[in-house]
Amino acid sequence: MTRSMTRRPEAYWAGAIGIALFATLVAASRVPTTLGDFFGPGTQPGGLIHPVEHSTRCDSCHGGYDALHEPYEPWAASMMAQSARDPMLWAALAIAEQDAAFAGDMCLRCHTPGGWLAGRSTPTDGSALIAEDFDGVNCNMCHRMVDPHYKPGVSPAVDADILAGLTHPPMSEHSGHFVIDPLDRRRGPFDLGGFSRHDWLQSPYHATSNNCAACHDVSNPAYERQPDGRYVLGELDQPHPTHDKYAQFPLERTFSEWTASDFARGPIDMGGRFGGVKIAVSSCQDCHMPDVVGKGAKQGEIRPDLPTHLFNGGSTWILQAVRNLYPDSETGLTDASVAASIGRARDMLALASDMELSVDGSDVLVRIINQTGHKLPTGYPEGRRMWINVRFLDADGALVAERGAYDEASATLSEGDTKVYEGKIGVDEAVSAVTGIPTGPSFHFAVSNVWYKDNRIPPRGFTQAGFEAVQAQPVGYHYDDGQYWDDTRYAIPPRAARAEVSVYYQTASRAYIEFLRDENTTNDAGQVMFEQWEQLGKSPPVLMDEGSIDLPAPCAADLDGDGVLTLFDFLRFQNLFDSGDPRADFDGDGSLTSFDFLA
């Protein structure tokens, strides 16, 4: 792989400003939203006295001593650290900006919070960002977060004044509506006693899932929810009238899926599946920052419950794309750290589900069980998918039939004959009339206002009412209350003696990558993304589950192998009998007689 150091985002965004401005003037289909339409409460740009510190200020104490347990190296090899360098972000943001003016603000708030808080997120195409803004969701940012819901006797006392000083305190955590301590007072769940290297505050909030909610529920505030459940474009150049996320269009609902699951009421004994030293898990951190025995700093004390800063999900090859586009001296990535992170992501995907196989009549029944605390898969819906592959083999191991076949060379999936788990959003007729985007599902997420499909498997504790209340109900599919699994039937073809079944996850479909390339009229971010996709295996699917099952022997009398018994089978038997073929010896006595007809 050849690294392209001439096409890095902070360089080509600046070069594309003129094109972007021209496109703004001539693109009649662009929704004329303003920055006001995407306003969100919480700490605002320019609201910090001490700016967000770069992660390298933390590395000297919190890195370089334990590659597995220390905070720095695992964090650096996570998508949290590389959130602002992710080429898929920039490809999607460019089209979002084409579709709706200033829509990029929704992306930048969470992908480069330091740059956003410093006021460099305007223009919202990211062209004003400087090198340090590509430090992602970094140490200083997270450890200065303030619980937006003050809890007397629990929250640090200073937080009451911080919240009181906000012009617009958050109503609910989502879409980058975070509160950041204006001073560099670093918070965490532990009492550090007489520690004096930097200001610190003990914050139980940092051990709760609510600490993750600000960026893992995402809503589009330009749309207002109507009593009939539709979402319509609000008055332009005006903030959302309530700022309530459940009154806005839901783009992502990972946190809310968790709140409506049994894990939020947990902990649940998962046998140590995700939780490091924990057998039972409940919070986001329990699974994505599992506790280990270790120390959080070079001179720190050994703790039995040290949260690791792994942050692994399902992302694998994107880290390699980041390395192709940026030098390791900027990213903090190494061969070893990236390989370890990708390995952890693969392991987490393997743990995310279980598969059970059975034969029910003339069908193979495939059950996929969701073992996570949210939908499977969850998060950003565009291009993400999971599917079942079934290979039917005969007694000699030869392939008889395949369902859900994936061609690696073309990166295409045979979708019509298998189950694909995914979410699809798009526009309705009203938005289509404004934008020119065809009614129905599409990848234009910045202007989408309808969920057209969502058959992703819910977590433990699912109820239709509970998920509907948080805008996460299934669409075009049904799950019973309490169901956290899904069954799919596959008819057993003639001559099949065995079925091999696999479940795969893919970060980005070919259709999505080509959309990012072909729809971009602003800059070359989509082409950069496409090139990385091609170089790195075209978003290679990751195996989640695999298994096999022996199938009942086919009916011996089905001599033409069509799966049903008809006159043609009898005629074929007659021909075999008349020719002395031993296959007509149905009673197995070694000779062909009238008893074979009876058999």
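Is F597 buried, partly exposed or exposed? F597 is partly exposed, with a relative accessible area of 33%; on this scale buried means under 20% relative accessible area, exposed over 50%, and partly exposed in between, with a 1.4 Å probe and protein chains only.

**Before starting**

The model is predicted: local features need pLDDT of at least 70, side-chain atom pairs count only at pLDDT 80 or more, and totals for chains, interfaces and linings use all residues. Residues are numbered from 1 along each chain as its sequence is written, and side-chain values use heavy atoms, with hydrogens and water left out.

**Stop 1: confidence**

Colour the chain by pLDDT, which is the predictor's confidence in each residue, from 0 to 100. The chain averages 93, and 94% of the residues score at least 70. Next, select residues 1-28, where pLDDT stays under 50. For this stretch the model has 50 contacts beyond four places in sequence, a contact being heavy atoms within 4.5 Å.

**Stop 2: the cysteines**

Select C110 and C215. These two residues form a disulfide, with their sulfur atoms 2.2 Å apart; the criterion is a pair of cysteine sulfur atoms within 2.5 Å. The structure holds one disulfide. The angle about its S-S bond is -95°, and the link is left-handed. C110 lies in helix α6 (residues 104-111) and C215 in helix α10 (residues 210-216), so the pair ties together parts that are 105 residues apart in sequence. Helices here are DSSP runs of H or I with at least four residues, numbered from the N terminus. C110 counts as buried, at 13% relative accessibility, whereas C215 is partly exposed at 23%.

Now select C58, which is in no disulfide. The nearest cysteine sulfur belongs to C139 and is 3.9 Å away. C58 is buried, with 10% relative accessibility.

**Stop 3: helix α13**

Select residues 317-325, which make up helix α13. How many of its nine residues are buried? Eight of the nine are, so the helix is largely enclosed by the rest of the structure. The buried residues are W317, I318, L319, A321, V322, R323, N324 and L325.

**Stop 4: salt bridges**

A salt bridge is counted where a side-chain nitrogen of Lys or Arg lies within 4 Å of a carboxyl oxygen of Asp or Glu. By this rule the count comes to 32.

Begin with R30 and E97, whose side chains meet in a salt bridge at 3.8 Å, N to O. The pair links distant parts of the chain, 67 residues apart: R30 is in the loop between α2 (17-26) and α3 (56-62), and E97 is in helix α5. R30 is buried, with a relative accessible area of 15%, and E97 counts as buried at 10%.

Continue to R230 and D228, where the closest N and O atoms of the salt bridge are 2.7 Å apart. R230 is partly exposed at 44% relative accessible area, while D228 is exposed at 52%.

Select R510 and E514 next. Their side chains meet in a salt bridge at 2.7 Å, N to O. Both residues lie in helix α18 (residues 510-518), four residues apart, about one turn of the helix. An α-helix has 3.6 residues a turn, so residues three or four places apart point the same way. R510 is partly exposed at 24%, and E514 is partly exposed at 21%.

Finally, display D159, D181, R185 and R187 together; these residues are linked in a network of salt bridges.

**Stop 5: the nonpolar patch**

Select L567, F568, F570, L571 and F597. Together they form a nonpolar patch on the surface, with about 520 Å² of accessible area. Such a patch joins nonpolar side chains (Val, Leu, Ile, Met, Phe, Trp, Tyr) within 5 Å, from residues with over 30% relative accessible area and no salt bridge; accessible areas come from the Shrake-Rupley method with a 1.4 Å probe, and for residues only the protein chains shown count as cover. Helix α20 (residues 567-578) provides the largest share of the patch, four residues. F597, the residue of the opening question, has its place in helix α21 (residues 594-598).

Terms used. Helix = DSSP H or I, 4+ residues; strand = E, 2+ residues; numbered from the N terminus. Patch = residues over 30% accessible without salt bridge, like charges linked within 9 Å, V, L, I, M, F, W, Y side chains within 5 Å.
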